Structure formats: C-alpha cells, structure tokens
Amino acid sequence: CIGNSIQGNKIFGNADLGIDLGTGGPNANDPLDPDGGANDGQNHPVLLAANGRYRTTIQGTLNSQAAGDYVIDFMVSPTRHPNGYGQGREWLGCVTVRADGQGNAAFTVNFTNPAPVMGWISSTATDEWGNTSEFSESVSISVAEAPDTDGDGMPDDYEAAWGFNGLIPRDWLMV
C-alpha cells in the first residue's frame with residue numbers, strides 16, 4: 001500500500017514501532033530513497049538537536065527523492081522508546097521542506113510552545129503523494145540556559161517566544 005498519510009496523530013505506548021513500514025523493525029534510510037514497498041519506504045528525518053525552555057527549536061535533515069516537497073511532523077513524548085525510535089504522544093507542529101537535486105533538505109524550526117522539560121522529540125516525513133515515513137530516532141530536549149545578549153535580564157529565547165524587543169512594557173512592571 002502507498003499513499004498512507006499519518007499526520008497529527010497521537011501514537012505512543014506501543015511495544016513495537018509506532019509506525020512500521022513492514023520490515024519488522026526500524027527501516028534504514030537509503031540515499032535518494034529509491035525503494036518501494038509500504039509507503040514507498042519513505043525515509044524518515046534525522047534529528048540533530050532539540051532544545052526548549054520558553055520555545056522549542058529543532059534541527060535536522062532529510063534525504064529523500066530529489067527536488068521533492070516534504071512535510072516534517074514533530075511529536076514529543078515523555079519517554080524514549082527502548083529501540084531509540086520515537087513515538088508521538090503530543091503533536092508539536094510541522095514544517096514543509098524542499099529537497100535539493102541530491103535529495104537533501106536541512107531544517108531548523110522554532111515553535112513558540114515549549115515542549116515539556118525532559119521530553120523526547122521525534123518526527124516523520126510525508127512526501128507529496130501522502131507517503132509517511134516511520135518515526136525518526138528521538139532526541140532529548142536540551143534546556144540549556146539561553147544567552148541574554150541585550151542585557152535586560154531576560155533570556156533571548158524567552159523574548160523571542162513572547163515577542164519582546166528587549167523592552168518590557170511599563171504596565172507589566174511591578175512597582
């Protein structure tokens with residue numbers, strides 16, 4: 001079967017893979033994703049980092065068919081599945097990426113909603129024909145202290161999440 005879009009769902013608490021495209025375990029990504037099978041064996045994203053405190057920033061890559069458009073969905077779960085590949089308890093959002101001529105797409109996405117501290121981020125990729133991948137390997141959410149580059153006492157990620165421009169509105173101050 002192909003064209004099975006799995007987006008915006010809650011898939012978690014499974015003993016096996018949350019999404020399994022038929023090989024009895026996580027599928028390895030292959031360059032330019034030429035294989036067929038269930039959902040054309042759509043490659044999953046590779047997550048490089050996730051951090052969040054006042055907002056959630058996720059970085060990763062996808063290699064799939066050249067010059068294709070892909071929707072990358074991001075989910076968060078409180079625990080990591082024992083096999084290392086994610087599941088998705090809560091949907092965070094998505095971004096559309098376009099692969100270049102070598103099938104590569106890199107992404108950095110910022111969500112203004114913070115993911116739960118000590119959570120795990122995973123993702124899926126869905127191609128233009130509705131084929132959704134298995135879940136990616138999950139990465140833990142880092143909560144490193146953000147810098148305060150303008151010296152106003154608020155971390156930059158907090159300001160970005162709440163739309164501050166470095167100045168706190170006077171009516172928000174307690175005097």
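Is Phe111 buried or exposed at 10% relative accessibility? Phe111 counts as buried, a term for under 20% relative accessible area, with exposed meaning over 50% and partly exposed in between (1.4 Å probe, protein chains only).

This is a predicted model, where local features need pLDDT of at least 70, side-chain atom pairs count only at pLDDT 80 or more, and totals for chains, interfaces and linings use all residues. Residues are numbered from 1 along each chain as its sequence is written, and side-chain values use heavy atoms, with hydrogens and water left out.

**View 1. Strand E1 and its partners, E2 and E7.** Strands are DSSP runs (E, at least two residues) numbered from the N terminus, and two of them pair if DSSP finds at least two bridges between them. E1 (residues 46-52) runs antiparallel to E2 (residues 56-63), with six bridges; Ala49 has Gln59 as its bridge partner in E2. With E7 (residues 139-142), E1 pairs in the parallel sense over two bridges, and here Asn51 is partnered by Ser142.

**View 2. The aromatic pair of Phe74 and Phe107.** Rings of Phe, Tyr and Trp (its six-membered ring) pair if their centres lie within 6.5 Å; planes under 30 degrees apart are stacked, over 60 edge-to-face, and the rest tilted. The whole structure holds two aromatic pairs. Phe74 sits in strand E3 (residues 69-77) and Phe107 in strand E5 (residues 104-111), so the pair ties together parts 33 residues apart in sequence. Phe74 is buried at 0% relative accessibility, and Phe107 is buried at 6%.

**View 3. Phe111 with Phe74.** The ring centres of Phe74 and Phe111 are 5.7 Å apart with planes at 65°, so this pair is edge-to-face. Phe74 in E3 and Phe111 in E5 are 37 residues apart. Together, Phe74, Phe107 and Phe111 form one aromatic cluster.

Notes
Helix = DSSP H or I, 4+ residues; strand = E, 2+ residues; numbered from the N terminus.
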